[in-house]
Amino acid sequence: MLHPIFDVSNFNLVLTVLSLYILLFGYISLQLKQKWYLGEALPAFLVGVSFGPFGAKFLNILEWGGEEEGQPSEITHALTRLVIGIQLVKVGYQLPKRYIKQRSTELAICLLPLMGIGWVITSSCIMLMVPNLSFLAAMIIGSCVTCTDPILSQAIAKGPFADKYVRRHLREFISSEAGGNDGFGFTFLLLAVSLLRYAETPTNTEGLDGFDLVRGIPNVLGTSDVGRFGGGVGATYGALVGFVFRKLMVIALKRRWIENESLSLVPMAIGMLVVGTCGCIGSDETLACFIAGSFLNWDGVYNSEMQARHDTFNPALETLLNFCAFMYLGAVMPWKQFNMPHETGITLPRLFGLGFLILVLRRIPAILLGYRFMPAICGDWTEALFMGYFGPIGIGAISYVEYARRLFPRPGESDSEINTLTATMTPVVYWLVLFSILVHGLSVPILDTLYKLYNVPYICDHPVEVLLLSNHEPLPNNSTANRARHSVMVNNRFSRPPDSDNGTDTDQPEDDTAAILRRSEDSASTGDGRPHSRTTMQMVDRAVNARDIV
């Protein structure tokens, strides 16, 4: 006879909390995302904090790895790698065809000089606010947070606020830059580690060589890691993977060998393949995943096919990964390390000061300095300011710092410089991630309130007609319903329609565009009386070409 057993294990609690959150969030998701502009990251993070060790203690991450020391760090590193890898493939294939080639000059400007300036400024701010930290050690920490998080940036570039107020060329570039610079950040990290290890610091070199020998590794930054240093191997490998599977996909589509479900799984499978193989060969999987996604849609076939089939799997997968990752991140926050004045000198006032310095100086000065060299992306200083401000720090920084921890001994097992670095890198990076999630997560609803207050018009460029699949389907942002055709006209849509993916925003023929320059029926009921376009207040009706219907 079976007897009921009360089993409050970690696995059961995780499933319970995660599933309840998905259900409750889902039933009000439209209000949270399109009305309050909160997105997915901030609510999931707060739930993780509430149920983690800092709150109700339901999600105790320290118990997940059993008795093995350091296991939560390994879990964090593996989870962040997987989430970022899958999401970066999606970032790559949602860009227009050959986008990297079309915007190669602008990407080079952002990923080399401007990102380098931001790295130096960020490192200087960290050295200023964290006591007893050398500049080389600050550069290691700074390299972890210099990159724009590819997950949080997608919520900004593709979210409902951007649908209304941010032009498509800027949204596309923010998305692509986040995908590219997250991979380039690895170069900065390993360069800083190499400088700390070999540049006029013989004690560091001896100590770290001994640390490598104990681990059975001849040299962490020696010939075995050349592939990771610079990311060249990762980019080449990603291009090869994307090219090969694009060719195979085209053959399968022409011969009708592939079903909808398997076609939807292609980005996730490529992301998992690249993360796994790059981990085996010691290459940079972040840049490889982004390049693989870009080459998967190099001819525009995959993204057009997914739009035509009304893909819902990949957006749902992205939402699930965001829920899991940010809830986990909220549960593993090292709260005790945020205020250790006697051990590391880190205090909450110092961390708040560092957060505001990074928010203002990390990207904004560099972007304002270089936007004039990118006239196709930033038309004026306001767009440059938007691009510079919305460069959030997130899961990518956690992945970098967890990798960097593996390159050094534990705190207290080396000389003073490295001991200070290993003791401060985790709380500083985790704090900046926490600060960015809160500040950037709340900036969008505040900015929307200001835009409404100052009567800023919606952007009604590049309208596309999208068929509604259900009578209960909510209208997209910045759209107009056409009930006779059971469709909506979506303005300023991020994903370009099939057969109009030409890489520019101005050379579409007139008969390929359908424009109704009025706000969506849903937003019209607010009656705020704002103009609907920056350039015109007229209502324009143009012919709808059948190939623009998605």
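Modeller: Let's start with T424, found in helix 22, which covers residues 416-453. Keep in mind that this is a predicted model.

Colleague: Why is T424 called buried?

Modeller: Buried means under 20% relative accessible area. T424 comes out at 1%, so T424 counts as buried.

Colleague: What makes V130 and I346 contacts of T424?

Modeller: Contact means heavy atoms within 4.5 Å. T424 touches V130 and I346 in that sense, and also L133, I141 and T344, leaving aside residues up to four places away in sequence.

Colleague: And the whole protein, how much of it counts as buried?

Modeller: Of its 550 residues, 55% do.

Colleague: What makes a set of residues a nonpolar core?

Modeller: The members have to be buried residues of the nonpolar kinds, such as Val, Leu, Ile and Phe, joined through side-chain atoms within 4.5 Å. The largest such core here has 137 residues, and I140, V274, F326, L329 and F386 touch the most other members. Helix 22 gives the most to this core, with 15 residues.

Colleague: Which residues does I140 touch?

Modeller: Not counting residues up to four places away in sequence, I140 touches L189, A192, V193, L196, F408, L421 and M425. Another core, of 7 residues, lies apart from the largest one; V464, L475, A481 and V488 are among its members.

Colleague: How many helices and strands are there?

Modeller: The protein has 23 helices and 3 strands.

Conventions. Residues numbered from 1 in each chain as written. Predicted model: local features only at pLDDT ≥ 70, side-chain atom pairs only at ≥ 80, totals over all residues. Heavy atoms only, no water. Helix = DSSP H or I, 4+ residues; strand = E, 2+ residues; numbered from the N terminus. Buried < 20%, exposed > 50% of the residue type's maximum accessible area, 1.4 Å probe, protein only.
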